[in-house]
Amino acid sequence: ATGIPVGASITIAGTDSKTYQDAQHKIANKRMKRMNNRGGMKFNLTSEEVEFESIELLARCTLGWDNIDWEGSPLKFSLENAKMIYTELLWLREQCVSAMEDRSNFLAE
């Protein structure tokens, strides 16, 4: 909001990457399994489930980070910690999704 750099960085795989495609398949396969367990095509996704899936996709496309602190201590990079910060920090999630979807971020200058 202020435009002042925070000194942290997050490395994200883009939407054209194998990482992204693999994550999408994993999430879709989980959804299909839930559909089968809930009676097939009658299955309806809740808003919370859609949000969880988008957080999981972003977390699986997060390749690492530097200088991320949580509650005053350095936060170790992991899938679970990525899910946690994207759940807790909507502004960060939005910035990372925007960066992930912008193909120009993944082209050589």
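1. The lining of the largest pocket divides into 15 nonpolar, five polar and one charged residue. Here Ala, Val, Leu, Ile, Met, Phe, Trp, Tyr, Cys and Pro count as nonpolar, Asp, Glu, Lys and Arg as charged, and the others, Gly among them, as polar. The pocket holds about 460 Å³ of space. A pocket is an open set of points, on a 1 Å grid over the protein atoms alone, where a 1.4 Å probe fits, with protein on both sides within 12 Å along at least five of seven lines; lining residues have an atom within 4 Å of a point. The volume is the space filled by probe spheres set on the points.

2. The model is predicted: local features need pLDDT of at least 70 and side-chain atom pairs count only at pLDDT 80 or more, whereas totals for chains, interfaces and linings use all residues. Residues are numbered from 1 along each chain as its sequence is written, and side-chain values use heavy atoms, with hydrogens and water left out.

3. Of the 21 lining residues of the largest pocket, V6, A8, W91, L92 and Q95 are the closest to its centre. Strand 1 (9-12), strand 3 (69-70) and helix 4 (90-101) each give two or more residues to this lining, and helix 4 gives the most, with five.

4. The chain has four helices and four strands, in the order β-α-α-β-β-β-α-α. Helices (H or I, at least four residues) and strands (E, at least two) are DSSP runs, numbered from the N terminus.

5. Helix 1 (residues 18-37) and helix 2 (residues 47-60) pack at about 150°, with axes 9 Å apart. Helix 1 is therefore roughly antiparallel to helix 2 (angles over 145 degrees). Axes are lines fitted to C-alpha atoms, for helices over the stretch in contact, and angles run from 0 to 180 degrees between N-to-C directions. The contact (heavy atoms within 4.5 Å) includes Y20, I27 and R34 of helix 1 and E53 and L57 of helix 2. By class, it has four nonpolar, two polar and eight charged residues.

6. The axes of helix 2 and helix 4 come within 11 Å and cross at roughly 60°; the two helices are therefore oblique to each other. E51, I55 and L58 of helix 2 meet R93, C96, V97 and M100 of helix 4. This contact has five nonpolar, no polar and two charged residues.

Notes. Angles under 35 degrees count as roughly parallel, over 145 as roughly antiparallel, 65 to 115 as roughly perpendicular and the rest as oblique.
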